[in-house]
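Here is a quick briefing to read alongside the model on your screen.

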Amino acid sequence: MVRKIVAEFVTHHDMLVALNRREVENSDKKLAQRNGLHFRMVESGERISGTYRQSVRLVSGKYALVERSTEFTLVPWPPIIEKALGRQVSGLVRGS
């Protein structure tokens, strides 16, 4: 006799956003230690500026590491930023 098992998986609408945020927050420790800077999480609607230093590949996607003074932040990587490596960038963070 074969038994059929049905599993139901229910998620909250913002679960992926929360998981992506957690991944970014957890990756900051390694990057902070390697770069000697403090990590600062940015929020939607916040304007950021700094020097684009490198791209960072995480499970949730590609991010741009933007350095400013003694801190850095990770922002979703737009393809246009690749030409600005090592230069000053600024932008507005939209969405999650």
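The notes below go from the whole chain to the sheet, and then to a few residues.

This is a predicted model. The protein chain holds 1 helix and 5 strands, and along the sequence they follow the pattern α-β-β-β-β-β. The strands come together in an open sheet with mixed pairing.

**The chain as a whole**
- Of the 96 residues in the protein chain, 31% are buried.
- The protein chain exposes about 7500 Å², and carbon and sulfur atoms supply 53% of that area.
- Taking contacts between residues at least 6 apart in sequence, 56% join residues at least 24 apart.

**How the sheet is laid out**
- Across the sheet, the 5 strands have the order β1-β4-β3-β2-β5.
- The edges belong to β1 (38-39) and β5 (88-92); each has a single partner strand, so one side of each is left without a neighbour in the sheet.

- β2 and β3 are antiparallel, with 7 bridges, and they form a hairpin with 2 residues between them.
- To find this pairing on screen, look for Gln 54, whose bridge partner in β3 is Leu 65.
- β3 (residues 61-68) also pairs with β4 (residues 71-76), again in the antiparallel sense, over 6 bridges.

**A closer look at Thr 51**
- Thr 51 lies in strand β2, which covers residues 47-58.
- Is Thr 51 buried or exposed? With a relative accessible area of 14%, Thr 51 counts as buried because it falls under the 20% cut-off.
- Leaving out residues up to four places away in sequence, Thr 51 touches Leu 65, Val 66, Glu 67, Gly 86, Arg 87 and Gln 88.

**The helix and a nonpolar surface patch**
- Helix α1 spans residues 15-35, and Met 15 is found in it.
- Met 15 has a relative accessible area of 31%, so it is partly exposed: the value lies between the 20% and 50% limits.
- Which residues form a nonpolar patch on the surface? They are Met 15, Leu 16 and Leu 19, with about 280 Å² of accessible area together.

Definitions and conventions: Residues numbered from 1 in each chain as written. Predicted model: local features only at pLDDT ≥ 70, side-chain atom pairs only at ≥ 80, totals over all residues. Heavy atoms only, no water. Helix = DSSP H or I, 4+ residues; strand = E, 2+ residues; numbered from the N terminus. Buried < 20%, exposed > 50% of the residue type's maximum accessible area, 1.4 Å probe, protein only. Contact = heavy atoms within 4.5 Å. Patch = residues over 30% accessible without salt bridge, like charges linked within 9 Å, V, L, I, M, F, W, Y side chains within 5 Å. Areas by Shrake-Rupley, 256 points an atom, 1.4 Å probe, with all protein chains shown as cover. Salt bridge = Lys/Arg side-chain N within 4 Å of Asp/Glu carboxyl O. Pairing = 2+ DSSP bridges.
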